[in-house]
Amino acid sequence: MIRYDFHMHSSFSGDSDTPPEQQAEEAIRLGASGICFTDHMDYDYPMIKESGTDFLFDDAEYYTRMCELRDAYKGRLEIMIGIEYGLRNEPELIGDMTAKYTRLNETYDLDFTIGSTHCLEHTDPFYAEPFWAGRTPREGLEKYFIAVAENAKNYDCYDSAGHFDYAVRYVPLSEEWRGPADYDPMIFSDIIDEYLKALIHKGKALECNTAGIKYGLGFTHPHEAVLKRYLELGGELLTIGSDGHKPEHIFYDFERTEDFLKSLGFKYYTIYRHHKPEFIRL
Ligand SMILES: [Zn+2]
Ligand SMILES: [Zn+2]
């Protein structure tokens, strides 16, 4: 049984109303050993008006509150403190973003950080306009995957690469794209290889994120084909997270995910304390 969930949100994230205590209580109810909070920090989020949030939080307040929570739950549930960093490939943002995330890593004794690509071209592919306008699904996905691969090469300030192929969720439906079943990652195998090799070379983990199942895509992020390729290339560090924003979504589908990962050939998953990986047998 996978007893650690290494990707979840609380009310410190712009898109969650769940107090962190509620996530902790649900984790205990589920028989968890530990959880890692990874609230959103997305500098320069471009769609503040549309989303109603800037996806930032007060880092000092967050760290203090998380340390209190960790101490309060000691002996009942291990609480790890993390952040999900939004990475960007626009050249003018890379320097500033690296400096900001590095400062957080140096200021706080964090356990774990995720590097995720939520935005590119100063927009968010969550919204149909402007990212998908005038592009085929393949063109849009290719742009997104190139950004993800560039971020893997350009940034070092995180431990695990979050939800590869996340943009697949938001491809607008059309004749050419009747749904996520039309997604074939192998069309992008050159970019995917570049991405996975960069992670392996830099000693970064790949995340298996079960929110794809929750969203009804029928697969985790990344898709099975990408996970298989990661193993073929010699990838060993794999973190597992639900990306739950509500108590009912933490540890989402972890039982089936364990069988699925074993069937692909994974023998271990990874948790982090103070940014140091520890392998746990599946
Ligand atoms: Zn994310
Ligand atoms: Zn997340």
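Which residues of α5 are buried? They are Gly 140, Leu 141, Tyr 144, Phe 145, Ala 147, Val 148, Ala 149, Glu 150, Asn 151 and Ala 152. The model is predicted, and the values below are computed from it.

**Overall form**

The protein chain contains nine helices and nine strands. Its radius of gyration is 18 Å, close to the 19 Å given by the globule rule for 282 residues, so the chain is as compact as a globular protein of that length. Along the principal axes, the C-alpha atoms fill a box of roughly 55 × 40 × 35 Å. Buried residues make up 44% of the 282 residues. Of the contacts between residues at least 6 apart in sequence, 78% join residues at least 24 apart.

**Helices α5 and α6**

Helix α5 covers residues 137-154. Its 18 residues should span 26 Å at 1.5 Å a residue, and the end C-alpha atoms are 26 Å apart, which agrees. The cover over the buried residues of α5 includes β4 (112-116), β5 (160-161) and α6 (189-202).

For α6, the 14 residues should span 20 Å at 1.5 Å a residue; the end C-alpha atoms lie 20 Å apart, in agreement. The buried residues of this helix are Ile 192, Tyr 195, Leu 196 and Leu 199. They cover an arc of only 90° around the axis, which puts them on the same side of α6. An α-helix has 3.6 residues a turn, so residues three or four places apart point the same way. The buried residues of α6 pack against α5, β5, β6 (205-209) and α8. On the face turned away from the buried side, α6 carries the exposed residues Asp 190 and His 201. Just after α6 comes Gly 203, with a positive phi of about 75°.

**The β8–β9 hairpin**

Strands β8 (residues 268-273) and β9 (residues 276-281) pair in the antiparallel sense over six bridges. Within this pairing, Tyr 269 stands opposite Ile 280 in β9. Two residues lie between the strands of the hairpin, and His 274 takes a positive phi near 50°.

**Backbone exceptions**

Most residues other than glycine have a negative phi, and most peptide bonds are trans.

| Item | Backbone value | Loop |
|---|---|---|
| Glu 129 to Pro 130 | cis, omega about 0° | Pro 130: between β4 and α5 |
| His 221 to Pro 222 | cis, omega near -5° | Pro 222: between α7 (211-214) and α8 (224-232) |

Are Asp 44 and Asp 243 buried or partly exposed? Asp 44 has 18 C-beta neighbours inside 10 Å and therefore counts as partly exposed. Asp 243 is buried, because 27 other C-beta atoms lie within 10 Å. The cut-off behind both assignments is that a buried residue has 20 or more other C-beta atoms within 10 Å of its own.

Definitions and conventions. Residues numbered from 1 in each chain as written. Chains lettered and ligands numbered in written order. Predicted model: local features only at pLDDT ≥ 70, side-chain atom pairs only at ≥ 80, totals over all residues. Helix = DSSP H or I, 4+ residues; strand = E, 2+ residues; numbered from the N terminus. Expected span 1.5 Å × (residues − 1). Buried ≥ 20, exposed ≤ 12 C-beta atoms within 10 Å, placed from the backbone. Contact = placed C-beta atoms within 7 Å. Pairing = 2+ DSSP bridges. Arc of directions from axis to C-beta. Rg over C-alpha atoms; globule rule 2.2 N^0.38 Å.
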